[in-house]
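Please take a moment to look at the chain as a whole before turning to its parts.

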Amino acid sequence: MTTVWVLGDQLTRRGPVSRALDGDADRVLMVESRAFAARHPYHGQKLALVFSAMRHFRDRLREDGVTVRYERADTFREGLDAFFDDHPEESLVAMRPAGGGADALRDLVQDAGGRVEFVANESFLCSPAAFREWDDGGQSHEDFYRWMRRRTGYLMDDGDPLGGEWNYDEQNRETPPDDYEFPDPARFPPDDTTERVLDEVRAEYDAWGAVEVFGWPVTRDDALDALDDFCEHRLADFGTYQDAVVAGEWALNHSLLSPALNLGLLHPAEVIERAIDEYDARADVPLHSLEGFVRQILGWREFMRQVYLREDGLADANQLDHSRDLPDFYWTGDTDMACLRESIAHVREHGYAHHIERLMLQSNFALTFGVDPAELTSWFHAAYVDAYHWVTTPNVVGMGVYGTDAFTTKPYAASANYINRMSDHCAGCPYDPDATTGEDACPFNALYWDFLAEHEDRLRHNYRMAGLYHHVDTKRGDELDAIRERADDVRALADAGDL
Ligand code: FAD
Ligand code: SF4
(Lines give C-alpha, C1' and ligand atoms only; values in the text may rest on other atoms or scores of the structure.)
(Ligands and ions follow the chains in the order given, each with its own letter.)
Protein backbone atom coordinates (compact mmCIF):
# COMPACT_ATOMS: atom_id res chain seq x y z
CA MET A 1 0.00 0.00 0.00
CA THR A 2 1.10 3.54 -0.58
CA THR A 3 0.56 7.07 0.63
CA VAL A 4 -0.49 9.78 -1.78
CA TRP A 5 1.62 12.92 -1.33
CA VAL A 6 -0.37 16.01 -2.33
CA LEU A 7 1.63 19.19 -3.00
CA GLY A 8 0.06 22.54 -2.11
CA ASP A 9 -0.89 23.41 -5.70
CA GLN A 10 -2.30 19.95 -6.51
CA LEU A 11 -5.64 20.23 -4.74
CA THR A 12 -7.49 17.99 -7.16
CA ARG A 13 -9.23 14.66 -6.76
CA ARG A 14 -7.94 13.57 -10.15
CA GLY A 15 -4.79 11.48 -10.35
CA PRO A 16 -3.41 9.68 -7.31
CA VAL A 17 -5.91 11.16 -4.83
CA SER A 18 -8.63 9.20 -6.61
CA ARG A 19 -6.77 6.07 -5.44
CA ALA A 20 -7.04 7.18 -1.81
CA LEU A 21 -10.75 7.86 -2.32
CA ASP A 22 -11.20 4.40 -3.86
CA GLY A 23 -9.36 2.75 -0.95
CA ASP A 24 -6.35 1.80 -3.14
CA ALA A 25 -3.96 3.85 -1.01
CA ASP A 26 -3.49 4.01 2.76
CA ARG A 27 -3.66 7.69 3.26
CA VAL A 28 -2.86 11.16 1.95
CA LEU A 29 0.13 13.19 3.13
CA MET A 30 0.22 16.98 2.98
CA VAL A 31 3.05 19.17 4.27
CA GLU A 32 2.61 22.86 5.08
CA SER A 33 6.12 24.34 5.18
CA ARG A 34 6.71 27.58 7.08
CA ALA A 35 10.27 28.09 5.82
CA PHE A 36 9.01 27.87 2.23
CA ALA A 37 6.41 30.53 2.96
CA ALA A 38 8.89 32.77 4.77
CA ARG A 39 11.41 32.76 1.90
CA HIS A 40 9.96 35.88 0.23
CA PRO A 41 7.86 38.83 1.42
CA TYR A 42 4.78 37.08 0.01
CA HIS A 43 1.45 38.81 -0.18
CA GLY A 44 -0.50 37.87 2.96
CA GLN A 45 -3.45 36.80 0.79
CA LYS A 46 -1.23 34.45 -1.19
CA LEU A 47 -0.07 32.66 1.96
CA ALA A 48 -3.61 32.58 3.33
CA LEU A 49 -5.00 31.31 0.03
CA VAL A 50 -2.60 28.39 -0.24
CA PHE A 51 -2.78 27.35 3.44
CA SER A 52 -6.53 27.73 3.66
CA ALA A 53 -7.14 25.85 0.40
CA MET A 54 -4.84 23.04 1.59
CA ARG A 55 -6.65 22.76 4.93
CA HIS A 56 -10.06 22.77 3.28
CA PHE A 57 -8.90 20.07 0.86
CA ARG A 58 -7.70 18.02 3.85
CA ASP A 59 -11.00 18.48 5.69
CA ARG A 60 -13.13 17.46 2.69
CA LEU A 61 -11.05 14.32 2.16
CA ARG A 62 -11.45 13.42 5.84
CA GLU A 63 -15.21 13.95 5.56
CA ASP A 64 -15.10 11.43 2.73
CA GLY A 65 -13.35 8.86 4.91
CA VAL A 66 -9.77 9.36 3.71
CA THR A 67 -7.02 9.31 6.35
CA VAL A 68 -4.96 12.49 5.92
CA ARG A 69 -1.63 13.08 7.61
CA TYR A 70 -1.25 16.86 7.63
CA GLU A 71 2.18 18.03 8.74
CA ARG A 72 2.76 21.64 9.71
CA ALA A 73 6.54 21.80 9.76
CA ASP A 74 9.33 24.30 9.35
CA THR A 75 10.60 22.60 6.20
CA PHE A 76 9.41 19.92 3.79
CA ARG A 77 12.28 17.79 5.00
CA GLU A 78 11.07 17.97 8.61
CA GLY A 79 7.55 17.09 7.53
CA LEU A 80 8.82 14.10 5.57
CA ASP A 81 11.07 13.00 8.46
CA ALA A 82 8.11 13.04 10.83
CA PHE A 83 6.03 11.01 8.38
CA PHE A 84 8.67 8.34 7.70
CA ASP A 85 9.46 8.04 11.42
CA ASP A 86 5.91 6.81 11.86
CA HIS A 87 5.61 4.92 8.55
CA PRO A 88 9.08 3.66 7.64
CA GLU A 89 7.74 1.03 5.22
CA GLU A 90 5.44 3.33 3.30
CA SER A 91 6.26 4.57 -0.19
CA LEU A 92 4.82 7.75 -1.65
CA VAL A 93 3.10 8.40 -4.94
CA ALA A 94 2.70 11.97 -6.13
CA MET A 95 1.79 13.93 -9.24
CA ARG A 96 4.77 15.53 -10.95
CA PRO A 97 5.14 19.17 -9.90
CA ALA A 98 3.64 21.55 -12.50
CA GLY A 99 6.96 23.30 -13.09
CA GLY A 100 9.26 20.28 -12.97
CA GLY A 101 11.63 19.71 -10.05
CA ALA A 102 10.59 16.10 -9.35
CA ASP A 103 14.25 15.09 -8.93
CA ALA A 104 14.81 17.57 -6.12
CA LEU A 105 11.71 16.31 -4.32
CA ARG A 106 12.79 12.69 -4.85
CA ASP A 107 16.16 13.52 -3.22
CA LEU A 108 14.34 15.09 -0.28
CA VAL A 109 12.23 11.97 0.21
CA GLN A 110 15.26 9.69 -0.12
CA ASP A 111 17.18 11.77 2.42
CA ALA A 112 14.26 11.28 4.79
CA GLY A 113 14.62 7.53 4.27
CA GLY A 114 11.64 7.05 1.94
CA ARG A 115 10.74 6.40 -1.69
CA VAL A 116 8.47 8.29 -4.06
CA GLU A 117 7.04 7.50 -7.47
CA PHE A 118 5.97 10.44 -9.62
CA VAL A 119 3.02 10.08 -11.98
CA ALA A 120 1.57 12.38 -14.64
CA ASN A 121 0.33 15.79 -13.54
CA GLU A 122 -3.42 15.76 -14.26
CA SER A 123 -4.00 19.50 -13.93
CA PHE A 124 -3.21 20.49 -17.54
CA LEU A 125 -4.50 19.77 -21.01
CA CYS A 126 -1.14 19.13 -22.66
CA SER A 127 1.47 16.75 -21.29
CA PRO A 128 5.18 17.54 -21.61
CA ALA A 129 5.62 14.33 -23.63
CA ALA A 130 2.94 15.30 -26.17
CA PHE A 131 4.41 18.79 -26.45
CA ARG A 132 7.95 17.47 -27.00
CA GLU A 133 6.73 15.18 -29.74
CA TRP A 134 4.97 18.04 -31.54
CA ASP A 135 7.37 20.94 -30.88
CA ASP A 136 10.38 21.52 -33.12
CA GLY A 137 11.90 23.90 -30.56
CA GLY A 138 10.66 27.09 -32.11
CA GLN A 139 6.90 26.86 -32.49
CA SER A 140 4.93 30.01 -31.79
CA HIS A 141 2.00 30.38 -29.45
CA GLU A 142 -0.34 30.67 -32.42
CA ASP A 143 0.90 27.33 -33.83
CA PHE A 144 0.44 25.73 -30.42
CA TYR A 145 -3.04 27.16 -29.94
CA ARG A 146 -4.26 25.88 -33.32
CA TRP A 147 -2.73 22.47 -32.60
CA MET A 148 -4.51 22.40 -29.22
CA ARG A 149 -7.82 23.42 -30.82
CA ARG A 150 -7.52 20.53 -33.27
CA ARG A 151 -6.43 18.01 -30.60
CA THR A 152 -9.19 18.88 -28.16
CA GLY A 153 -11.89 19.74 -30.70
CA TYR A 154 -12.74 22.91 -28.72
CA LEU A 155 -14.31 25.59 -30.94
CA MET A 156 -13.92 23.41 -34.03
CA ASP A 157 -16.53 22.86 -36.70
CA ASP A 158 -15.90 19.87 -38.89
CA GLY A 159 -12.15 20.41 -38.94
CA ASP A 160 -12.38 24.20 -39.31
CA PRO A 161 -12.27 26.86 -36.61
CA LEU A 162 -15.75 27.77 -35.37
CA GLY A 163 -16.98 30.85 -37.23
CA GLY A 164 -14.23 30.54 -39.84
CA GLU A 165 -11.41 32.33 -37.99
CA TRP A 166 -8.89 31.13 -35.41
CA ASN A 167 -8.73 34.48 -33.73
CA TYR A 168 -11.17 37.40 -33.29
CA ASP A 169 -8.80 39.77 -31.55
CA GLU A 170 -9.65 42.76 -33.70
CA GLN A 171 -13.05 42.78 -31.91
CA ASN A 172 -11.38 42.50 -28.50
CA ARG A 173 -9.73 45.89 -28.20
CA GLU A 174 -12.61 48.20 -27.30
CA THR A 175 -12.68 50.68 -24.46
CA PRO A 176 -15.97 50.75 -22.53
CA PRO A 177 -18.35 53.71 -22.89
CA ASP A 178 -18.46 56.09 -19.89
CA ASP A 179 -21.75 54.68 -18.59
CA TYR A 180 -20.68 51.02 -18.84
CA GLU A 181 -20.96 49.23 -15.48
CA PHE A 182 -18.70 46.28 -14.83
CA PRO A 183 -20.54 43.62 -12.79
CA ASP A 184 -18.94 42.94 -9.40
CA PRO A 185 -17.05 39.65 -9.42
CA ALA A 186 -18.04 36.90 -6.99
CA ARG A 187 -16.12 37.15 -3.72
CA PHE A 188 -16.02 34.57 -0.95
CA PRO A 189 -15.86 35.94 2.61
CA PRO A 190 -13.45 34.05 4.87
CA ASP A 191 -14.94 31.19 6.88
CA ASP A 192 -13.52 30.07 10.26
CA THR A 193 -10.68 28.12 8.69
CA THR A 194 -9.61 31.05 6.52
CA GLU A 195 -9.96 33.50 9.43
CA ARG A 196 -7.65 31.30 11.53
CA VAL A 197 -5.12 31.19 8.71
CA LEU A 198 -5.33 34.97 8.25
CA ASP A 199 -4.62 35.43 11.98
CA GLU A 200 -1.59 33.13 11.68
CA VAL A 201 -0.32 35.01 8.65
CA ARG A 202 -0.64 38.33 10.51
CA ALA A 203 1.15 36.94 13.57
CA GLU A 204 3.84 34.73 12.05
CA TYR A 205 4.93 36.14 8.70
CA ASP A 206 6.46 39.34 7.47
CA ALA A 207 3.83 39.45 4.76
CA TRP A 208 3.15 42.23 2.27
CA GLY A 209 -0.18 43.70 1.12
CA ALA A 210 -3.65 43.89 2.64
CA VAL A 211 -5.19 40.87 4.36
CA GLU A 212 -8.43 42.57 5.45
CA VAL A 213 -10.24 42.08 2.16
CA PHE A 214 -9.68 38.38 1.43
CA GLY A 215 -12.29 37.05 -1.00
CA TRP A 216 -10.64 34.27 -3.02
CA PRO A 217 -12.27 30.85 -3.47
CA VAL A 218 -10.52 28.31 -1.22
CA THR A 219 -12.67 25.24 -1.93
CA ARG A 220 -13.71 23.48 -5.09
CA ASP A 221 -17.35 24.42 -4.45
CA ASP A 222 -16.44 28.10 -4.19
CA ALA A 223 -14.28 27.83 -7.30
CA LEU A 224 -17.17 26.28 -9.24
CA ASP A 225 -19.43 29.11 -8.04
CA ALA A 226 -16.82 31.64 -9.22
CA LEU A 227 -16.76 29.93 -12.62
CA ASP A 228 -20.58 30.02 -12.88
CA ASP A 229 -20.66 33.63 -11.83
CA PHE A 230 -18.09 34.60 -14.45
CA CYS A 231 -19.88 32.73 -17.24
CA GLU A 232 -23.28 34.13 -16.32
CA HIS A 233 -22.30 37.76 -15.76
CA ARG A 234 -18.99 38.61 -17.40
CA LEU A 235 -18.12 36.18 -20.18
CA ALA A 236 -20.33 37.98 -22.73
CA ASP A 237 -18.25 41.19 -22.56
CA PHE A 238 -14.98 39.53 -21.57
CA GLY A 239 -13.40 39.76 -25.00
CA THR A 240 -14.72 43.17 -25.98
CA TYR A 241 -12.98 44.99 -23.09
CA GLN A 242 -10.19 42.48 -22.54
CA ASP A 243 -7.43 45.01 -23.29
CA ALA A 244 -8.96 47.96 -21.44
CA VAL A 245 -7.69 49.60 -18.26
CA VAL A 246 -10.29 51.57 -16.32
CA ALA A 247 -9.66 53.81 -13.29
CA GLY A 248 -11.48 52.55 -10.20
CA GLU A 249 -11.96 49.04 -11.64
CA TRP A 250 -9.67 46.21 -10.60
CA ALA A 251 -11.43 43.24 -12.20
CA LEU A 252 -13.28 44.53 -15.30
CA ASN A 253 -14.74 41.43 -16.96
CA HIS A 254 -11.73 39.22 -16.20
CA SER A 255 -12.56 35.84 -14.73
CA LEU A 256 -10.28 35.97 -11.63
CA LEU A 257 -9.99 32.20 -12.01
CA SER A 258 -6.20 31.91 -12.19
CA PRO A 259 -5.75 31.38 -8.42
CA ALA A 260 -8.23 28.47 -8.42
CA LEU A 261 -6.85 27.00 -11.67
CA ASN A 262 -3.26 27.17 -10.46
CA LEU A 263 -4.13 25.47 -7.15
CA GLY A 264 -5.87 22.59 -8.92
CA LEU A 265 -9.33 23.53 -7.59
CA LEU A 266 -10.52 23.86 -11.18
CA HIS A 267 -9.40 21.90 -14.24
CA PRO A 268 -8.83 23.88 -17.44
CA ALA A 269 -11.08 21.51 -19.40
CA GLU A 270 -14.08 22.14 -17.16
CA VAL A 271 -13.52 25.90 -17.30
CA ILE A 272 -13.43 25.87 -21.10
CA GLU A 273 -16.41 23.52 -21.37
CA ARG A 274 -18.49 25.59 -18.93
CA ALA A 275 -17.81 28.69 -21.06
CA ILE A 276 -18.72 26.83 -24.26
CA ASP A 277 -21.99 25.65 -22.64
CA GLU A 278 -22.84 29.24 -21.76
CA TYR A 279 -22.18 30.31 -25.35
CA ASP A 280 -24.32 27.46 -26.69
CA ALA A 281 -27.18 28.31 -24.34
CA ARG A 282 -27.29 32.06 -24.92
CA ALA A 283 -27.58 34.27 -27.96
CA ASP A 284 -25.86 37.24 -26.28
CA VAL A 285 -22.43 35.66 -25.75
CA PRO A 286 -20.44 36.62 -28.86
CA LEU A 287 -17.97 34.18 -30.36
CA HIS A 288 -15.14 36.72 -30.06
CA SER A 289 -15.55 36.77 -26.27
CA LEU A 290 -15.71 33.01 -26.00
CA GLU A 291 -12.73 32.50 -28.32
CA GLY A 292 -10.72 35.17 -26.50
CA PHE A 293 -11.33 33.43 -23.19
CA VAL A 294 -10.64 29.91 -24.49
CA ARG A 295 -7.39 31.11 -26.10
CA GLN A 296 -6.09 32.36 -22.73
CA ILE A 297 -6.57 28.96 -21.11
CA LEU A 298 -6.12 26.47 -23.94
CA GLY A 299 -3.38 28.52 -25.58
CA TRP A 300 -1.43 30.87 -23.35
CA ARG A 301 -1.68 29.04 -20.03
CA GLU A 302 -0.65 25.67 -21.47
CA PHE A 303 1.99 27.19 -23.77
CA MET A 304 3.65 29.12 -20.96
CA ARG A 305 4.00 25.97 -18.90
CA GLN A 306 5.53 24.01 -21.76
CA VAL A 307 7.93 26.84 -22.58
CA TYR A 308 8.98 26.98 -18.93
CA LEU A 309 9.69 23.24 -18.97
CA ARG A 310 11.48 23.45 -22.35
CA GLU A 311 13.72 26.49 -21.87
CA ASP A 312 16.75 26.00 -19.63
CA GLY A 313 17.88 29.07 -17.70
CA LEU A 314 14.71 31.06 -18.25
CA ALA A 315 14.77 32.43 -14.69
CA ASP A 316 18.12 34.14 -15.39
CA ALA A 317 17.57 35.08 -19.04
CA ASN A 318 18.56 38.70 -19.63
CA GLN A 319 19.34 39.23 -23.31
CA LEU A 320 19.06 43.03 -22.98
CA ASP A 321 21.59 43.07 -20.09
CA HIS A 322 19.27 45.06 -17.87
CA SER A 323 20.52 45.41 -14.33
CA ARG A 324 18.69 48.23 -12.61
CA ASP A 325 16.93 47.72 -9.28
CA LEU A 326 13.17 47.65 -9.21
CA PRO A 327 11.95 51.09 -8.05
CA ASP A 328 10.65 51.04 -4.49
CA PHE A 329 7.20 52.20 -5.55
CA TYR A 330 6.43 48.68 -6.76
CA TRP A 331 6.31 47.81 -3.06
CA THR A 332 5.04 51.09 -1.60
CA GLY A 333 2.73 52.28 -4.38
CA ASP A 334 4.17 55.73 -3.75
CA THR A 335 4.32 57.36 -7.18
CA ASP A 336 2.46 60.23 -8.83
CA MET A 337 2.01 58.23 -12.04
CA ALA A 338 -1.74 57.61 -11.88
CA CYS A 339 -1.79 54.43 -13.95
CA LEU A 340 1.01 52.68 -12.06
CA ARG A 341 -0.13 53.96 -8.68
CA GLU A 342 -3.56 52.42 -9.16
CA SER A 343 -2.38 49.15 -10.69
CA ILE A 344 0.04 48.63 -7.79
CA ALA A 345 -2.75 49.49 -5.36
CA HIS A 346 -4.76 46.66 -6.95
CA VAL A 347 -1.92 44.26 -6.22
CA ARG A 348 -1.52 45.47 -2.63
CA GLU A 349 -5.25 45.20 -2.03
CA HIS A 350 -6.02 41.94 -3.82
CA GLY A 351 -2.75 40.24 -4.77
CA TYR A 352 -4.06 40.63 -8.30
CA ALA A 353 -4.07 42.99 -11.24
CA HIS A 354 -5.42 42.03 -14.65
CA HIS A 355 -3.31 41.08 -17.65
CA ILE A 356 -2.96 44.49 -19.27
CA GLU A 357 -1.98 46.13 -15.99
CA ARG A 358 0.67 43.41 -15.56
CA LEU A 359 1.93 43.67 -19.12
CA MET A 360 1.49 47.22 -20.33
CA LEU A 361 1.92 49.09 -17.04
CA GLN A 362 4.03 47.15 -14.53
CA SER A 363 6.21 45.22 -17.00
CA ASN A 364 6.36 47.92 -19.66
CA PHE A 365 7.69 50.43 -17.14
CA ALA A 366 10.24 47.94 -15.77
CA LEU A 367 11.31 47.00 -19.33
CA THR A 368 11.94 50.55 -20.49
CA PHE A 369 13.41 51.54 -17.12
CA GLY A 370 15.95 48.71 -17.48
CA VAL A 371 15.07 46.56 -14.45
CA ASP A 372 16.86 43.23 -14.02
CA PRO A 373 14.27 40.64 -15.19
CA ALA A 374 14.98 38.34 -12.24
CA GLU A 375 14.22 41.13 -9.79
CA LEU A 376 10.92 41.90 -11.47
CA THR A 377 10.06 38.20 -11.47
CA SER A 378 10.71 38.04 -7.72
CA TRP A 379 8.33 40.92 -7.19
CA PHE A 380 5.55 39.28 -9.26
CA HIS A 381 6.20 35.96 -7.56
CA ALA A 382 5.81 37.43 -4.08
CA ALA A 383 3.04 39.92 -4.82
CA TYR A 384 0.49 37.94 -6.85
CA VAL A 385 -1.88 35.33 -5.46
CA ASP A 386 -1.74 33.29 -8.68
CA ALA A 387 2.07 33.28 -9.03
CA TYR A 388 3.98 30.00 -9.42
CA HIS A 389 7.36 29.71 -11.11
CA TRP A 390 6.06 27.78 -14.15
CA VAL A 391 3.66 30.58 -15.08
CA THR A 392 5.19 33.74 -13.59
CA THR A 393 8.71 33.31 -14.97
CA PRO A 394 7.86 32.92 -18.68
CA ASN A 395 5.25 35.67 -18.50
CA VAL A 396 7.56 38.15 -16.82
CA VAL A 397 10.89 37.26 -18.42
CA GLY A 398 9.63 36.44 -21.91
CA MET A 399 6.47 38.43 -22.46
CA GLY A 400 6.94 41.18 -19.88
CA VAL A 401 10.52 42.35 -20.28
CA TYR A 402 11.90 40.51 -23.34
CA GLY A 403 14.64 38.82 -21.34
CA THR A 404 14.58 36.11 -24.02
CA ASP A 405 13.33 35.90 -27.59
CA ALA A 406 12.84 32.13 -27.33
CA PHE A 407 9.07 32.51 -27.62
CA THR A 408 8.26 36.22 -27.99
CA THR A 409 8.95 38.03 -31.21
CA LYS A 410 9.15 41.59 -29.88
CA PRO A 411 9.27 43.57 -26.66
CA TYR A 412 5.94 44.90 -25.36
CA ALA A 413 7.23 48.44 -24.98
CA ALA A 414 4.78 51.32 -25.25
CA SER A 415 4.59 55.04 -24.59
CA ALA A 416 1.78 57.07 -23.01
CA ASN A 417 0.13 57.16 -26.41
CA TYR A 418 -0.92 53.52 -26.02
CA ILE A 419 -1.80 53.85 -22.32
CA ASN A 420 -3.91 56.94 -22.98
CA ARG A 421 -5.78 55.13 -25.76
CA MET A 422 -6.55 52.01 -23.72
CA SER A 423 -7.19 53.63 -20.32
CA ASP A 424 -8.77 56.68 -18.73
CA HIS A 425 -5.95 57.25 -16.25
CA CYS A 426 -4.12 60.06 -18.01
CA ALA A 427 -6.92 62.58 -17.50
CA GLY A 428 -6.37 62.36 -13.73
CA CYS A 429 -2.58 62.25 -13.78
CA PRO A 430 -0.21 65.13 -12.96
CA TYR A 431 2.00 64.03 -15.85
CA ASP A 432 1.29 65.08 -19.42
CA PRO A 433 0.82 62.11 -21.76
CA ASP A 434 1.54 64.29 -24.80
CA ALA A 435 4.89 65.59 -23.55
CA THR A 436 8.19 63.71 -23.75
CA THR A 437 10.61 66.17 -22.20
CA GLY A 438 10.21 68.61 -19.33
CA GLU A 439 9.36 68.05 -15.67
CA ASP A 440 5.68 67.32 -16.32
CA ALA A 441 6.24 64.95 -19.23
CA CYS A 442 4.87 61.44 -18.81
CA PRO A 443 7.82 59.26 -17.73
CA PHE A 444 6.72 56.45 -20.05
CA ASN A 445 7.49 58.62 -23.10
CA ALA A 446 11.18 59.39 -22.57
CA LEU A 447 11.80 55.84 -21.29
CA TYR A 448 10.18 54.42 -24.41
CA TRP A 449 12.29 56.37 -26.93
CA ASP A 450 15.40 55.88 -24.82
CA PHE A 451 14.76 52.13 -24.79
CA LEU A 452 14.43 52.03 -28.59
CA ALA A 453 17.62 54.07 -29.02
CA GLU A 454 19.54 52.00 -26.48
CA HIS A 455 18.64 48.67 -28.10
CA GLU A 456 18.70 49.79 -31.74
CA ASP A 457 21.33 47.21 -32.77
CA ARG A 458 19.10 44.36 -31.67
CA LEU A 459 15.66 45.73 -32.49
CA ARG A 460 16.01 47.78 -35.69
CA HIS A 461 16.13 44.65 -37.82
CA ASN A 462 13.24 42.97 -36.04
CA TYR A 463 10.52 43.04 -38.69
CA ARG A 464 7.88 43.84 -36.02
CA MET A 465 9.85 46.84 -34.75
CA ALA A 466 11.46 48.19 -37.90
CA GLY A 467 8.68 50.74 -38.59
CA LEU A 468 9.26 52.41 -35.23
CA TYR A 469 12.83 53.27 -36.10
CA HIS A 470 11.58 55.63 -38.76
CA HIS A 471 10.24 57.72 -35.84
CA VAL A 472 13.50 57.35 -33.90
CA ASP A 473 15.34 58.62 -37.00
CA THR A 474 13.17 61.74 -37.19
CA LYS A 475 14.17 62.59 -33.60
CA ARG A 476 17.88 61.96 -34.01
CA GLY A 477 20.11 64.85 -32.92
CA ASP A 478 19.19 67.41 -30.25
CA GLU A 479 15.67 66.09 -29.79
CA LEU A 480 16.79 62.55 -29.07
CA ASP A 481 19.58 63.81 -26.82
CA ALA A 482 17.06 65.77 -24.77
CA ILE A 483 14.75 62.76 -24.58
CA ARG A 484 17.54 60.53 -23.36
CA GLU A 485 18.50 63.12 -20.77
CA ARG A 486 14.91 63.17 -19.54
CA ALA A 487 15.01 59.33 -19.34
CA ASP A 488 18.09 59.58 -17.12
CA ASP A 489 16.27 62.12 -14.93
CA VAL A 490 13.24 59.82 -14.70
CA ARG A 491 15.48 56.97 -13.52
CA ALA A 492 17.16 59.21 -10.94
CA LEU A 493 13.80 60.50 -9.69
CA ALA A 494 12.43 56.95 -9.40
CA ASP A 495 15.53 55.79 -7.51
CA ALA A 496 15.13 58.74 -5.14
CA GLY A 497 11.44 57.94 -4.61
CA ASP A 498 10.35 61.19 -6.27
CA LEU A 499 8.56 60.04 -9.43
P1 FAD B 1 -8.51 36.11 -17.47
O2 FAD B 1 -8.19 37.36 -18.19
O3 FAD B 1 -9.92 35.90 -17.06
O4 FAD B 1 -8.03 34.89 -18.37
C5 FAD B 1 -8.53 33.57 -18.16
C6 FAD B 1 -7.42 32.62 -17.77
O7 FAD B 1 -6.49 32.50 -18.82
C8 FAD B 1 -6.60 33.02 -16.57
O9 FAD B 1 -7.26 32.65 -15.38
C10 FAD B 1 -5.32 32.25 -16.78
O11 FAD B 1 -5.42 30.97 -16.22
C12 FAD B 1 -5.23 32.13 -18.28
N13 FAD B 1 -4.22 33.04 -18.85
C14 FAD B 1 -4.44 34.18 -19.52
N15 FAD B 1 -3.28 34.68 -19.99
C16 FAD B 1 -2.32 33.87 -19.55
C17 FAD B 1 -0.90 33.86 -19.68
N18 FAD B 1 -0.24 34.82 -20.38
N19 FAD B 1 -0.22 32.89 -19.08
C20 FAD B 1 -0.86 31.92 -18.37
N21 FAD B 1 -2.18 31.87 -18.22
C22 FAD B 1 -2.91 32.83 -18.82
N23 FAD B 1 -0.78 34.23 -14.78
C24 FAD B 1 -0.77 33.44 -13.70
O25 FAD B 1 -1.62 32.55 -13.58
N26 FAD B 1 0.17 33.57 -12.73
C27 FAD B 1 1.13 34.53 -12.80
O28 FAD B 1 1.98 34.63 -11.91
C29 FAD B 1 1.13 35.41 -13.93
N30 FAD B 1 2.05 36.39 -14.03
C31 FAD B 1 2.03 37.21 -15.12
C32 FAD B 1 2.99 38.21 -15.22
C33 FAD B 1 3.03 39.04 -16.33
C34 FAD B 1 4.10 40.07 -16.48
C35 FAD B 1 2.05 38.88 -17.33
C36 FAD B 1 2.08 39.77 -18.53
C37 FAD B 1 1.07 37.91 -17.22
C38 FAD B 1 1.05 37.06 -16.12
N39 FAD B 1 0.09 36.05 -15.99
C40 FAD B 1 0.13 35.22 -14.91
C41 FAD B 1 -0.90 35.81 -17.06
C42 FAD B 1 -2.23 36.57 -16.89
O43 FAD B 1 -1.99 37.93 -16.73
C44 FAD B 1 -3.03 36.02 -15.72
O45 FAD B 1 -3.20 34.64 -15.89
C46 FAD B 1 -4.41 36.65 -15.65
O47 FAD B 1 -4.29 38.04 -15.53
C48 FAD B 1 -5.15 36.06 -14.46
O49 FAD B 1 -6.34 36.74 -14.24
P50 FAD B 1 -7.75 36.15 -14.67
O51 FAD B 1 -7.93 34.80 -14.08
O52 FAD B 1 -8.77 37.18 -14.32
O53 FAD B 1 -7.53 36.02 -16.22
FE1 SF4 C 1 0.38 56.86 -16.81
FE2 SF4 C 1 1.75 58.72 -18.15
FE3 SF4 C 1 -0.89 58.58 -18.42
FE4 SF4 C 1 0.20 59.44 -16.13
S5 SF4 C 1 0.31 60.43 -18.13
S6 SF4 C 1 -1.50 57.98 -16.34
S7 SF4 C 1 2.02 58.16 -16.01
S8 SF4 C 1 0.58 57.03 -19.04
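Helices (DSSP runs of H or I, at least four residues) and strands (DSSP runs of E, at least two residues) are numbered from the N terminus, and by this count the chain has 23 helices and seven strands. The model is a predicted one, in which local features need pLDDT of at least 70 and side-chain atom pairs count only at pLDDT 80 or more, while totals for chains, interfaces and linings use all residues. Residues are numbered from 1 along each chain as its sequence is written, and chains are lettered from A and ligands numbered from 1 in the order in which they are written.

Along the principal axes, the C-alpha atoms fill a box of roughly 75 × 55 × 45 Å. The radius of gyration, taken over C-alpha atoms, can be set against a globule rule of 2.2 Å times the number of residues to the power 0.38; for 499 residues a compact globule would have a value near 23 Å, and the 24 Å of the chain agrees with this. A residue is called buried if 20 or more other C-beta atoms, placed from the backbone, lie within 10 Å of its own, exposed if 12 or fewer do, and partly exposed in between, and buried residues make up 45% of the 499.

Two packed helices are described by the angle between their axes and the distance between the axes. Helix H3 (residues 44-63) and helix H8 (residues 192-204) pack at about 140 degrees, with axes 9 Å apart, where axes are lines fitted to C-alpha atoms over the stretch in contact and angles run from 0 to 180 degrees between N-to-C directions. H3 is therefore oblique to H8, since angles under 35 degrees count as roughly parallel, over 145 as roughly antiparallel, 65 to 115 as roughly perpendicular and the rest as oblique. Residues are in contact if their C-beta atoms, placed from the backbone, lie within 7 Å, and among those of H3 that meet H8 are Leu47, Phe51 and Arg55, while Val197 and Leu198 are among the partners in H8.

Most residues other than glycine have a negative phi. Which value does phi take at leucine 155? It is near 55 degrees, a positive value in a residue other than glycine, and leucine 155 sits in the loop between helix H7 (141-152) and strand S6 (156-157). Leucine 256, in the loop between helix H10 (235-238) and helix H11 (258-263), likewise has a positive phi, of about 60 degrees. Leucine 155 counts as partly exposed because it has 19 C-beta neighbours inside 10 Å, whereas leucine 256, with 23, counts as buried.

Note on methods:
Two residues are in contact if their C-beta atoms, placed from the backbone, lie within 7 Å.
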